[in-house]
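Here are some notes for a colleague opening these coordinates for the first time. They are meant to be read with the structure in view.

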Amino acid sequence: MRSYRKELWFEVKGRREFINITPRVKECLKESGVREGLVLVNAMHITASVFINDDEPGLHQDYDKWLEELAPHEPVNQYRHNVGEDNADAHMKRQVMGREVVVAITEGRLDFGPWEQIFYGEFDGGRKKRVLVKIIGE
Amino acid sequence: MRSYRKELWFEVKGRREFINITPRVKECLKESGVREGLVLVNAMHITASVFINDDEPGLHQDYDKWLEELAPHEPVNQYRHNVGEDNADAHMKRQVMGREVVVAITEGRLDFGPWEQIFYGEFDGGRKKRVLVKIIGE
Amino acid sequence: MRSYRKELWFEVKGRREFINITPRVKECLKESGVREGLVLVNAMHITASVFINDDEPGLHQDYDKWLEELAPHEPVNQYRHNVGEDNADAHMKRQVMGREVVVAITEGRLDFGPWEQIFYGEFDGGRKKRVLVKIIGE
């Protein structure tokens with residue numbers, strides 16, 4: 001069994017953003033040399049997500065608006081977590097969108113349907129944060 | 001390490017439906033010959049889910065109603081994604097229910113609690129769509 | 001490839017609770033002897049979650065309130081599932097928080113960011129329920 005590990009770093013300037021990280025995960029897979037196996041891609045921070053969906057800007061705006069409705073950022077004092085913090089909403093948004101994805105590797109490639117793309121979802125930006133790529137297989 | 005891959009195909013006539021795919025995943029496991037490992041079951045489309053819950057029709061009706069409240073299909077023009085499309089709500093419903101499940105394989109069986117069943121959740125039917133079953137182990 | 005399996009048992013007295021199970025998963029990892037691989041931690045029951053987030057009591061209160069808003073327990077007769085049951089809301093809360101986490105194992109340790117902790121989320125307590133820990137790797 002082979003294993004491979006890499007951290008991908010991000011620094012989002014604003015509070016929220018979705019970034020397509022599929023090309024970077026593909027590079028990891030190539031570096032790993034794994035032909036058959038699984039790749040785990042997870043946010044290493046608890047106010048961010050990794051998820052798979054469509055690379056379509058209108059949809060990303062819809063997601064942002066929808067998540068704000070489900071778990072509004074303001075007023076920040078509605079959350080007990082926000083004592084010296086203001087990111088409780090980000091902890092909730094991340095649960096809706098998910099922490100991680102597991103993707104099959106088949107014949108050396110991400111085994112994806114036609115529109116699947118991997119995104120980093122930032123909900124509390126303004127500082128450096130990481131995504132872990134872990135590959136096992138052979 | 002062994003690996004196994006199969007696509008399961010579905011064509012839901014209406015817009016939304018939940019289908020119990022546990023028997024089909026069990027067949028895959030049997031074909032794979034894997035005794036210890038992991039099985040990944042994921043929707044290959046971004047307006048569908050694979051999730052684990054109860055095979056109880058009342059609950060499925062509750063899920064459908066609840067998801068419609070969280071992310072209504074109509075009016076379709078409330079979503080920026082819906083330019084020439086009408087399925088933005090399906091992209092949201094799928095995030096709540098999830099893209100994938102990972103299930104342990106122990107002694108050649110799905111290592112499940114008493115009521116766990118695997119479902120395909122369709123949120124934008126009317127065409128052929130796929131689920132990927134990927135098994136690794138030995 | 002090595003594989004390891006353990007069930008963790010819980011009995012929550014009230015209806016809902018979040019329990020940090022990170023120390024118990026670390027014990028499992030140590031017992032397994034696996035240095036590189038993946039650990040799957042999943043609820044074996046369909047009204048409970050395993051998720052990764054912050055071990056902060058204010059946040060857990062926020063989660064509880066938020067989940068009650070998204071899927072209220074009462075009135076119980078608003079749900080079709082609740083015929084001789086009263087836990088339909090728990091099936092919904094569990095979908096938002098998730099069934100499982102997959103965590104990378106690197107050099108014999110859970111490969112975590114600075115604040116990641118694993119929680120058992122109970123949404124329908126008052127009886128014994130289980131979490132599965134399955135480790136594969138070498």
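How many residue pairs are in polar contact between chain A and chain C?

1. The count, taken over pairs in which both residues have pLDDT 80 or more, is 18 residue pairs in polar contact between chain A and chain C; please keep in mind that this is a predicted model. Strand E1 (2–11), strand E3 (37–43), helix H3 (88–97), strand E5 (100–106) and strand E8 (128–137) of chain A each contribute at least two residues to the side of chain A that touches chain C. The largest share of that side comes from H3(A), with 6 residues, and by class the side has 15 nonpolar, 7 polar and 7 charged residues.

2. In extent, this contact brings together 29 residues of chain A and 34 residues of chain C. About 2,500 Å² is buried between chain A and chain C, and carbon and sulfur atoms give 58% of that area. On the side of chain A, the residues that lose the most area to chain C are Met1(A), Ile46(A) and Gln95(A), which together account for 24% of what that side buries.

3. Charged pairs are also found here, with a count of 3 salt bridges between chain A and chain C. One of the salt bridges in the model joins Arg5(A) to Asp111(C), where the closest N and O atoms are 2.5 Å apart.

4. Chain A has 3 helices and 8 strands, and from the N terminus on its elements follow the order β-β-α-β-β-α-α-β-β-β-β. Along the principal axes, the C-alpha atoms of chain A fill a box of roughly 50 × 30 × 20 Å. Of the 138 residues in chain A, 62% are buried, and among the contacts in chain A between residues at least 6 apart in sequence, 82% join residues at least 24 apart.

5. How are chain A and chain B related? A rotation of 120°, with 0.0 Å of shift along its axis, superposes chain A on chain B with an RMSD of 0.0 Å. The two copies are therefore related as by a three-fold rotation axis. Within chain A, the C-alpha nearest the axis belongs to Val96(A), at 3.3 Å from it. The copies use different surfaces, in that 18% of the contact residues of chain A recur in chain B.

6. The interface holds 3 salt bridges, and Glu116(A) and Arg99(B) meet through their side chains in a salt bridge with an N to O distance of 2.7 Å. There are 18 residue pairs in polar contact between chain A and chain B, with both residues at pLDDT 80 or more.

7. The side chain of Glu36(B) reaches the backbone nitrogen of Glu107(B) at 2.9 Å. Leaving aside residues up to four places away in sequence, Glu36(B) touches residues of chain B, including Ile105(B), Thr106(B) and Ile136(B), and residues of chain C, among them Met1(C), Ser3(C) and Lys134(C).

Methods. Residues numbered from 1 in each chain as written. Chains lettered and ligands numbered in written order. Predicted model: local features only at pLDDT ≥ 70, side-chain atom pairs only at ≥ 80, totals over all residues. Heavy atoms only, no water. Least-squares fit on C-alpha atoms with pLDDT ≥ 70 in both. Contact = heavy atoms within 4.5 Å. Buried area = accessible area lost by both parts, 1.4 Å probe. Salt bridge = Lys/Arg side-chain N within 4 Å of Asp/Glu carboxyl O. Polar contact = N/O pair within 3.5 Å; in protein donor to acceptor, adjacent residues only side chain to side chain. Helix = DSSP H or I, 4+ residues; strand = E, 2+ residues; numbered from the N terminus. Nonpolar A, V, L, I, M, F, W, Y, C, P; charged D, E, K, R; others polar. Buried < 20%, exposed > 50% of the residue type's maximum accessible area, 1.4 Å probe, protein only.
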